[in-house]
Amino acid sequence: MFCEKCGAPLNDGEKFCPNCGAAQNASYVPAEQPAEQQNTTPLMVLGIVALALAELGLPGLIVAIIARKKIKAYVANGGQLTGKAKVGNILSRIALPVSIVMMVFWVIYGVVIAVLAASGLLEEAMKEAMDEAIYGFLKF
Ligand SMILES: [Zn+2]
């Protein structure tokens with residue numbers, strides 16, 4: 001710290017300059033936003049969106065990863081995992097594995113459909129189903 005008037009070096013918290021006697025602005029504190037005042041709403045929203053999209057697989061995984069990164073940054077910044085931040089933390093932690101499992105499921109599902117379509121089985125099965133439906137309709 002230095003004197004506001006003459007620039008002489010001061011000890012931390014000194015209210016008057018030992019050189020010129022000028023009063024120092026004691027209310028000055030470094031502009032550091034307290035963790036409690038950080039906006040935690042986006043953390044909660046990201047958690048909710050991640051979980052909502054988890055059933056789709058990849059979209060949920062992307063949002064969950066973003067949520068995890070934001071929450072880690074928030075904690076690294078001295079943020080407390082309470083309230084909305086806690087909700088976002090829990091939801092994104094659930095969304096992460098769920099979306100991975102769902103992504104694997106959709107990949108397998110896609111492969112199965114592709115294999116069935118390629119082998120003509122799907123077409124056959126659909127034709128059979130249509131025939132049955134028409135037959136059932138005609139029976140009435
Ligand atoms: Zn001074």
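User: Is the crossing of helix 1 and helix 3 left-handed or right-handed?

Analyst: The model is predicted, so that local features need pLDDT of at least 70 and side-chain atom pairs count only at pLDDT 80 or more, whereas totals for chains, interfaces and linings use all residues. Residues are numbered from 1 along each chain as its sequence is written. Helices are DSSP runs of H or I with at least four residues, numbered from the N terminus; a crossing is left-handed if the near helix is turned anticlockwise from the far one by less than a right angle, and right-handed if clockwise. By that convention the crossing of helix 1 and helix 3 is left-handed.

User: Are helix 1 and helix 3 roughly parallel or roughly antiparallel to each other?

Analyst: Axes are lines fitted to C-alpha atoms, for helices over the stretch in contact, and angles between N-to-C directions run from 0 to 180 degrees. Angles under 35 degrees count as roughly parallel, over 145 as roughly antiparallel, 65 to 115 as roughly perpendicular and the rest as oblique. The axes of helix 1 and helix 3 cross at roughly 25° and come within 7 Å. The two helices are therefore roughly parallel.

User: How many charged residues are in the contact of helix 1 with helix 3?

Analyst: Two residues are in contact if their C-beta atoms, placed from the backbone, lie within 7 Å. Helix 1 contributes Thr41, Leu43, Met44, Leu46, Gly47, Ile48, Ala50 and Leu51, which meet Lys84, Ala85, Val87, Gly88, Leu91, Ser92, Ile94 and Ala95 of helix 3. Ala, Val, Leu, Ile, Met, Phe, Trp, Tyr, Cys and Pro count as nonpolar, Asp, Glu, Lys and Arg as charged, and the others, Gly among them, as polar. In this contact, eleven residues are nonpolar, four are polar, and the number of charged residues is one.

User: How many nonpolar residues are in the contact of helix 1 with helix 2?

Analyst: On helix 1 the contact involves Pro42, Leu43, Leu46, Gly47, Val49, Ala50 and Leu53, and on helix 2 it involves Pro59, Gly60, Val63, Ala64, Ile66, Ala67, Lys70, Ile71 and Tyr74. Two of the contact residues are polar, one is charged, and the number that are nonpolar is 13.

User: At what angle do helix 2 and helix 3 pack?

Analyst: Two packed helices are described by the angle between their axes and the distance between the axes. The crossing of helix 2 and helix 3 is left-handed, and their contact has twelve nonpolar, five polar and one charged residues. With the axes 8 Å apart, helix 2 and helix 3 pack at an angle of about 145°.

User: Is valine 63 buried or exposed?

Analyst: Valine 63 lies in helix 2 and, beyond its neighbours within four places in sequence, is in contact with Leu46, Val49, Ala50 and Leu53. A residue is buried if 20 or more other C-beta atoms, placed from the backbone, lie within 10 Å of its own, exposed if 12 or fewer, and partly exposed in between. Because 25 other C-beta atoms lie within 10 Å, valine 63 is buried.

User: What distance separates the C-alpha atoms of leucine 58 and methionine 102?

Analyst: Leucine 58 belongs to helix 2 and counts as partly exposed, because it has 14 C-beta neighbours inside 10 Å. Although leucine 58 and methionine 102 are 44 residues apart along the chain, their C-alpha atoms are separated by 8.1 Å.

User: How far apart in space are glycine 7 and asparagine 19, C-alpha to C-alpha?

Analyst: Glycine 7 is exposed because it has 11 other C-beta atoms within 10 Å, while asparagine 19 counts as partly exposed because it has 13 C-beta neighbours inside 10 Å. Leaving aside neighbours within four places in sequence, asparagine 19 is in contact with Cys3, Cys6 and Ala8. Glycine 7 and asparagine 19 are twelve residues apart in sequence, and their C-alpha separation is 9.2 Å.
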